[in-house]
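Have the sequence and the structure side by side as you read.

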Amino acid sequence: MAAGTIRYWAAAKAAAGTAEEPYAAQTLAEALDAARERHPGELERVLKRCSFLVDGDPVGTRAHETVRLAEGGTVEVLPPFAGG
C-alpha cells in the first residue's frame, strides 16, 4: 500500500473541509473511496465533476481502478473552474 497526499482545490477543498490529507491506497479509486468515507455528503457530488492529477500527470478518461499510486505521491483534486 502506497502512502502520499491528496490535495483538494476550490469546491473540493470546501467540501472536504481541508486543503490536504494523507492517503494509503494502491489506486486512485481506493484513495477516492477512502476520501468519500471520511467526508460523506457534499464531497461525493463534487468528486463526480472533478479532474485529477497524479504526480503531475492528468488522469483523463482512464478508469480510476487502473491508476496506480506511488509511495510519497500526490493526487490533486481539481473541480471545474469558471473562467473568463
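Start with Asp55, which is partly exposed because its relative accessible area is 41%, and partly exposed covers the range between under 20% (buried) and over 50% (exposed). Keep in mind that this is a predicted model. Asp55 sits in the loop between strand S3 (51-54) and strand S4 (57-58).

Now hop over to Ala10, in helix H1 (residues 10-16). Ala10 isn't a glycine either, yet its phi is positive, at about 50°. As for solvent, Ala10 comes out as partly exposed, with a relative accessible area of 45%.

Is Leu47 buried or exposed? Leu47 counts as buried, because its relative accessibility is 4% and the cut-off for buried is under 20%. You'll find Leu47 in helix H3, which covers residues 42-47. Which residues does Leu47 touch, once its neighbours within four places in sequence are set aside? The contacts of Leu47 are then Leu32, Arg36, Phe52 and Val77. Take Arg36 from that list: Arg36 and Leu47 are eleven residues apart in sequence, and their C-alpha atoms lie 8.7 Å apart.

Here are the accessibility values side by side:

| Residue | Relative accessible area | Class |
|---|---|---|
| Leu47 | 4% | buried |
| Ala10 | 45% | partly exposed |
| Asp55 | 41% | partly exposed |

Key:
Residues numbered from 1 in each chain as written. Predicted model: local features only at pLDDT ≥ 70, side-chain atom pairs only at ≥ 80, totals over all residues. Heavy atoms only, no water. Helix = DSSP H or I, 4+ residues; strand = E, 2+ residues; numbered from the N terminus. Buried < 20%, exposed > 50% of the residue type's maximum accessible area, 1.4 Å probe, protein only. Contact = heavy atoms within 4.5 Å.
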